[in-house]
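Open the structure in your viewer and keep the selection panel at hand.

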Amino acid sequence: MTWPLGFQDLSPADKQVRRQELDRYAEIAQLSVFLPLALGILHRIMTSWTSKSRSDIYSVIPNYPPAKTQRPGELSARLRKLTWWLGEDVVAFGTSWGQRDQWIVGVSWGLWLFLLCVLDTHRDYLHVTKRFGIIAASQYPIQYLLALKSLNPFAYVLRSSHERVNRWHRVLGVIIYTLLCLHVVFYLNFFVQAGLFQKRLQDPVVIFGVVAFWALTLLNTTALSRVRQYSYRLFFLTHLFVAFAMPPLLFLHALPAKWFMAEALIVFVADLSSRKMDTVVAHASFETIPGTNLVKITASLPHHKINRFREHPGAHIYLNLPAPSRMADKTSAAHLLFEFLFNPFTVAAVDEDNGDLTLVARHRGGPMTAALGQLARGISSGPDASKFPLSIEGPYGVLSHATSLTSGEFDRILLVSGGIGAAFTLPLYRAIVNDNPSAKVEMVWAIQTAGDATWAVTGGNDVHGIMNDEKVHIFLTGQMIDPSVGEGSGVDEGEVEMSAMYRDRRRNKYTSQHNRKRPDLRKIVDDVFMHGHEERVAVVVCGPEEMANELRQHVGEWVMRGRSVWWHKEGFSF
């Protein structure tokens, strides 16, 4: 089989025709992205219209049972099984490489773009080479749109948060990088074959392209999960600077891609501007949680801002330290670093009366949590050692089914959290119980040390309600006190009332012995699903990866039996 492409000597007119075809297929590649968006909008309209029509029909029939009591059909059960299967992780060499739906959609979209790269190229080697580059450039504005936090059209259509949409941002990033690798390899081969290698690598146009490619390679390298876990700030800073630098570099490298780069830059600047306008500076107090490496932060927000958090339980914010709150010397690199650090934290509680927002941070060695720990210990030379300004951006990560959870759309709700993950599930639980007191909801909270729960039961955060609520189950999986905290932390076991944390169901009281073990997730899940085949169940988890995977495995067994389940796994790594 011979190589289908060749170097063709084209006339100026033929080159103009090639340029027109390159531009046309690039426009097709970009516009075709919006077809799924249009279908999503159409699906939302049809679903809303169908639901309203059914509601109107049932409302005129006396004593007609609610639609949710009808036994699900075989087709809907199969669709639920397929949806669940698509959401399973693809695991290789002990590492998760995304979900099945990401692979299926990613491969399909990659093949579509590859097809657009070769159609009507007339076996012209340089035409195919240029097509790889221009098709990749056409996806850049979409890539930037997928990364938006506050103005994301994909999140609106999918009724999701930017964290969930970010999954597709990563998929498209791999496709773009693959196309650009082909573009680079094909051009390098052409330079070698034509004897132009040294000459062309000295041209400014080519130099800009080489710099852009290596910058993108650095970005993709730091985006690997192992690198992100090692140093998230390295990934974040690289992402920020490369994302800003790529449009100008590619504009100088390939002038025909100028409109795509202009679109990407506009999206990038619009996102930064909207986030800046949505950021407020609030004065906050800090306190360490005895016996733990947790820091509790209470910030006072304006009335209009606090209302947004009240309406969206389980949301999170991005936190930045303004200059007055930084402990490092103003001339040091550590001080400058905080200009680019925006860490996500879940909102643990909202006090509508005084406008206070409560956050809980666990120190894991990063510069942000280390600085928060210093503030909590009162290391300050300012006139007020109890209050420090914080830049708070949000709310983000609004749970798409939060309204459904509180309105009674689901027959049963199971909330599972591990450690600091309760900062997400506890506000949800409170919102559900407050809006629908008769809701059949259970909350399971596993903690390693007793002190890990102190932030939720002190300082007016509903101490008696949570500890006396028979629907809340707290499991102590480790020791009473975190041994890593060490002596001299000021902790007193009396500060953590274990007798108020573990309930003896036989006497309907709390004891210090009950639930001092790991939660049996299989039994917990089975207890939730055993009440009726027709019931619709919502399962929400926020905690360690191992806990979430085990819980999903047990819930999946019921999905495969045909049960109607809505699943949500909260996390910042999506």
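Buried means under 20% relative accessible area, exposed means over 50%, and partly exposed lies in between (1.4 Å probe, protein chains only). The model is predicted, so local features need pLDDT of at least 70, side-chain atom pairs count only at pLDDT 80 or more, and totals for chains, interfaces and linings use all residues. Residues are numbered from 1 along each chain as its sequence is written, and side-chain values use heavy atoms, with hydrogens and water left out.

**Stop 1: lysine 305 and aspartate 278.** Select both. They form a salt bridge (a side-chain nitrogen of Lys or Arg within 4 Å of a carboxyl oxygen of Asp or Glu), with the closest N and O atoms 3.0 Å apart. Lysine 305 sits in helix α14 (residues 303–311), while aspartate 278 is in the loop between α13 (258–277) and β3 (279–288), so the pair ties together parts 27 residues apart in sequence. Helices (H or I, at least four residues) and strands (E, at least two) are DSSP runs, numbered from the N terminus. Are lysine 305 and aspartate 278 buried or exposed? Both are buried.

**Stop 2: glutamate 545 and lysine 569.** Their side chains meet in a salt bridge, 2.6 Å from N to O. Glutamate 545 is in helix α22 (residues 545–559) and lysine 569 in strand β15 (residues 564–569), 24 residues apart. Glutamate 545 is partly exposed, at 37% relative accessibility.

**Stop 3: arginine 200 and aspartate 203.** Here the closest N and O atoms of the salt bridge are 2.7 Å apart. Arginine 200 is partly exposed at 26% relative accessibility. Aspartate 203 is partly exposed at 26% too.
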